[in-house]
Amino acid sequence: MSCDRLRDLGEECDLPSYLINGAQDLQPSWFTNVDNVGLTAGASAPEVLVQEVIEKIKTLSSEEVKVSDMNGIEENTFFVLPRKVRK
């Protein structure tokens with residue numbers, strides 16, 4: 001499922017949903033009167049960017065932020081590099 005589709009699905013469920021590129025895109029108004037936030041990232045998103053978003057959300061909240069990982073399907077697909085780029 002693409003990130004755009006995931007955002008669209010949230011909106012179809014009447015949930016405020018945003019597609020961001022990083023912590024700099026977060027808007028304080030998104031967190032007013034909000035008890036729970038879901039965050040997902042594509043496989044190519046570096047973990048450091050995800051952590052920056054979490055830290056920014058913590059600064060925008062007036063209450064303690066608890067972070068929980070959700071169980072999901074663990075993917076273990078591997079791709080072989082093309083011969084031209086293998087060493």
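Tyrosine 18 is partly exposed, with a relative accessible area of 42% (buried means under 20%, exposed over 50% and partly exposed in between, using a 1.4 Å probe and protein chains only). Keep in mind that this is a predicted model, in which local features need pLDDT of at least 70 and side-chain atom pairs count only at pLDDT 80 or more, while totals for chains, interfaces and linings use all residues. Residues are numbered from 1 along each chain as its sequence is written, and side-chain values use heavy atoms, leaving out hydrogens and water.

**The aromatic pair**
- Searching the whole structure turns up one aromatic pair (rings of Phe, Tyr and Trp, the last by its six-membered ring, with centres within 6.5 Å; planes under 30 degrees apart count as stacked, over 60 as edge-to-face and the rest as tilted).
- Its partners are tyrosine 18 and tryptophan 30, stacked at 3.7 Å centre to centre with 10 degrees between the planes.
- Both tyrosine 18 and tryptophan 30 lie in the loop between α1 and α2, so the pair ties together parts that are twelve residues apart in sequence.

**Serine 17**
- Serine 17 sits in the loop between α1 (3–12) and α2 (47–60).
- With 15% relative accessibility, serine 17 counts as buried.
- The serine 17 side chain reaches the backbone oxygen of leucine 15 at 2.9 Å, a polar contact (a pair of N or O atoms within 3.5 Å; within protein, one must be able to donate a hydrogen and the other to accept it, and residues adjacent in sequence count only if both atoms are side-chain atoms).
- Leaving aside residues up to four places away in sequence, serine 17 touches Arg7, Gly10 and Glu11 (contact means heavy atoms within 4.5 Å).

**Valine 67**
- Valine 67 is found in the segment after α2.
- Not counting residues up to four places away in sequence, valine 67 touches Ile54 and Lys58.

**The protein as a whole**
- The protein has two helices and zero strands (DSSP runs numbered from the N terminus: H or I of at least four residues for helices, E of at least two for strands).
- Along its principal axes, the C-alpha trace spans about 55 × 30 × 25 Å.
- Buried residues make up 11% of the 87 residues.
- Of the contacts with a separation of 6 or more, 36% involve residues 24 or more positions apart.
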